Amino acid sequence: MEDKKVAVVTGASSGIGAAAARALAADGWHVVVAARRMDRLTQLAAEIGGTALELDVTDAESVARLEKLPRVDLLLNNAGGAKGLEPLAETSVQDWQWMFDTNVLGTVRVTQALLPKLLAAPNNSGLIINMGSIAGWTVYEGGSAYNAAKHGVRVISRALRLENQKIRVTELDPGRVATAEFSVNRFRGDTSKAAAVYADQLNLTAEDIAEAVRWVASLPAHVNIDVMTLKPRTQT
Ligand code: 8X3
């Protein structure tokens, strides 16, 4: 890793995570790309000169392996997602558990594992960027569990910001971003339902969010961007 600054990106095997890893690497960061799918990660790490690390944010033992990284200056808590779009009365507790385990507890586990390294970053330059969502600010039909989980991420971002003034904490809250997997996962593999979410609409791309990550990470250590909401122009 030479003496480059090190960024850890969770959920880096696709979508916003992969795009953010590429953008950070292009800006000179050594990026540790972490996720479950090692085949994709190995390819991405080779492309950007980074390190691939197998990570399941729902598994404490897997997360504990992050503690062995010698240096971490930036953590992008990006792993997460939605499952289902049913009214609350029809949701399954398993889906609630999955959404809380990945989005909320995944963020907590990874943050706890890497906080000591982030606090040790030179000149208080450590930075945590949490991937929130406009779902953390509003509630929509069928979104109860995901909305609750992303509201939870926002509480985590605010608590970390209050409690750790030797590092910076930013939450990015994207609206509609057309990525290959988010809606396919939400609709349990139904690709035509997933495609309909973005059809005939102005959408953001993963690269748009990656550009925000790159910019926030490029700022000097005395600047904290607390929250940034990103939407396509026509999403109000
Ligand atoms: C994803 C955005 O609007 O589908 O976080 O909840 S939305």
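Which pocket is the space taken by the ligand? In this predicted model, the ligand takes the space of the largest pocket.

Along the principal axes, the C-alpha atoms fill a box of roughly 50 × 40 × 35 Å. The radius of gyration is 17 Å. A compact globule with 236 residues would have a value near 18 Å, so the protein agrees with that expectation.

The residues around the ligand are Ser 133, Ile 134, Ala 135, Tyr 140, Tyr 146, Gly 175, Phe 182 and Arg 186. By class, this shell has five nonpolar, two polar and one charged residues.

In Ser 133, a side-chain N or O atom is 2.6 Å from an oxygen atom of the ligand. For Tyr 140, a polar side-chain atom lies 2.5 Å from a ligand oxygen. In Tyr 146, a side-chain N or O atom is 2.7 Å from an oxygen of the ligand. These pairs count as polar contacts because the cut-off is 3.5 Å. Taken alone, the ligand exposes 240 Å². The protein buries 80% of that area.

How values were computed
Residues are numbered from 1 along each chain as its sequence is written. This is a predicted model: local features need pLDDT of at least 70, side-chain atom pairs count only at pLDDT 80 or more; totals for chains, interfaces and linings use all residues. Side-chain values use heavy atoms; hydrogens and water are left out. A residue is near a molecule or strand if one of its heavy atoms lies within 4 Å of it. A polar contact is a pair of N or O atoms within 3.5 Å; within protein, one must be able to donate a hydrogen and the other to accept it, and residues adjacent in sequence count only if both atoms are side-chain atoms. Accessible areas come from the Shrake-Rupley method with a 1.4 Å probe; for residues, only the protein chains shown count as cover. On a 1 Å grid over the protein atoms alone, a cavity is a set of points where a 1.4 Å probe fits but cannot get out, and a pocket is an open set with protein on both sides within 12 Å along at least five of seven lines; lining residues have an atom within 4 Å of a point. A molecule sits in a cavity or pocket if more than half of its atoms lie within 2 Å of its grid points. Ala, Val, Leu, Ile, Met, Phe, Trp, Tyr, Cys and Pro count as nonpolar, Asp, Glu, Lys and Arg as charged, and the others, Gly among them, as polar. The radius of gyration is taken over C-alpha atoms; the globule rule is 2.2 Å times the number of residues to the power 0.38.
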